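Reader: Happy to look at this one with you. Could you walk me through the terms as we go?

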Amino acid sequence: MGRIGRVTTAHGDFTTPTLMPVIDPTDIVLKPKEMRREFGSELVITNAYLTLLHFGKNPELKIHEVLDYDGPIMTDSGGYQILRYGNIDISPEEIVRYQDAIEPDIATILDIPTGINASREYAAETVRITLERARQAIKIRSNPKVLWCGPIQGGLFTDLVEKSARETGELDYHFHAIGSPVELLNNYRFAELVDLVMAAKRNLPLNRPVHLFGAGHPMMLSLAVAMGCDLFDSAAYILFARDGRYLTPEGTLHLDELSCLPCECPVCTSTTVEELKREEEGEKVKLLARHNLHVTFGEIRRIRQAIVDGRLWEHVQIKCRSHPSLLEALKKFLSYGDVIERFDPVTKKSAFYYSGSESIKRPEVIRHKLRMKKRYQPPPLETLVILSKPDLEEIPVEAENYHIVKLVPPFGVVPEEIEEIYPLSQNQAPEELDADVIKSVAESLESYLQSHGGVYKRVILLNDKDRWGDSLEKACRPVVEKLEVIQLGEKI
């Protein structure tokens with residue numbers, strides 16, 4: 001579901017997935033021009049409501065003048081301020097007309113954030129009001145230069161999120177944003193975030209970029225991209241810097257606890273941790289903010305390259321082992337395997353790497369097992385040879401016209417006539433298998449014999465007991481009346 005896209009706006013193109021650094025129009029620490037030059041930032045986001053409060057309703061003012069930037073700019077409408085403070089002193093109609101006037105490249109309607117502590121009744125009301133405002137905004141907006149974003153609400157009530165996504169997706173919007181994740185992100189409740197995102201993604205038009213509000217920590221970006229999120233905004237780079245927090249691709253450290261700067265960015269290679277600690281507060285914050293952005297944009301680039309190489313799954317699995325909550329979230333995401341499989345490429349440039357028990361539920365494995373059940377019929381041969389060591393060069397069997405199936409972890413049963421189909425022979429797994437993959441392959445073998453065992457008069461198991469133990473024999477015995485077992489390595 002992770003993808004690379006190209007979006008055209010009035011002030012230039014940008015590539016997704018990407019991060020939009022949040023720019024406070026009243027307190028610009030790093031200018032957008034600096035961000036583009038130093039970090040490769042193509043798109044920034046600022047707050048239209050704060051801009052209006054600070055600069056007033058100047059009919060001539062344009063947001064690009066405020067930020068002194070000629071590249072693409074997105075504006076939020078004040079929804080976060082509603083979530084934080086309960087209300088803001090502006091109508092939804094006013095903020096739509098104001099954004100039309102200041103001409104951002106992408107604008108957002110004034111939604112009502114659900115949050116994660118809402119009752120069902122309140123959550124339903126936020127969905128109703130946000131949908132009402134989304135329909136109303138279409139009638140009000142008038143500037144053809146501005147692309148519009150329709151937010152999705154519903155919080156932890158996934159049926160309400162689905163309703164919000166489905167009905168907003170039917171409206172004339174160019175982008176969508178998934179609302180209310182900030183509190184989940186701040187509390188590392190990533191598994192619940194997965195349910196929220198997947199509820200929205202399954203009901204949104206595929207051709208519209210999806211923005212995950214408030215997500216910008218590098219440790220969780222790859223998982224969010226794998227779920228189909230295209231845009232991320234975050235003020236974490238500057239908020240963390242003001243609190244002395246130092247981002248890494250795997251988590252957050254505090255400057256006071258560091259004995260060195262464990263990073264290769266220009267900030268960390270041009271100073272020492274002692275020098276950074278001694279800097280004046282303003283300069284220290286700016287240097288930390290720059291480091292935080294370098295780390296985050298570096299992760300965005302790694303994700304893009306992983307997508308191009310067909311290795312996004314491996315990248316996600318590596319990242320999700322950096323924190324128990326992320327690993328829990330990955331397992332939750334894999335529970336949506338039937339949805340994920342529909343979008344996963346059938347072939348890729350790279351081999352499939354088994355990198356832990358989560359690989360058993362990857363879409364490539366699910367696809368193979370589904371196709372074996374629905375599309376495969378074995379040839380009419382009398383003898384079945386089950387080969388538990390797929391790379392065995394010589395088959396020690398006295399029989400003619402036999403059919404070979406190989407046991408390939410984690411895919412399970414692979415008939416030799418289809419073994420060249422990707423990724424059945426384009427994969428790598430450790431020689432020493434864990435209990436989960438052994439169990440999965442044994443279940444695959446039992447299922448195959450239940451479906452096709454009656455085709456054969458003779459079943460021979462070539463068992464690599466050092467690798468599989470007695471799991472394969474146990475899988476065969478209940479469904480094979482007479483099983484011949486040859487232990488590989490023993491004299492025949």
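Author: Gladly! Helices (H or I, at least four residues) and strands (E, at least two) are DSSP runs, numbered from the N terminus. This is a predicted model, where local features need pLDDT of at least 70, side-chain atom pairs count only at pLDDT 80 or more, and totals for chains, interfaces and linings use all residues. Residues are numbered from 1 along each chain as its sequence is written, and side-chain values use heavy atoms, with hydrogens and water left out.

Reader: Which helix supplies the largest share of the lining of the largest cavity?

Author: That is α14, with 3 residues.

Reader: Why is the pair of F39 and F297 called stacked?

Author: Rings of Phe, Tyr and Trp (its six-membered ring) pair if their centres lie within 6.5 Å, and planes under 30 degrees apart count as stacked, over 60 as edge-to-face and the rest as tilted. F39 and F297 are 6.4 Å apart centre to centre with 10 degrees between the planes, so the pair is stacked. F39 lies in helix α1 (residues 32-39) and F297 in helix α14 (residues 281-309), so the pair ties together parts that are 258 residues apart in sequence.

Reader: And what makes Y188 and F190 a tilted pair?

Author: Their centres are 5.3 Å apart and the planes 45 degrees, so this pair counts as tilted.
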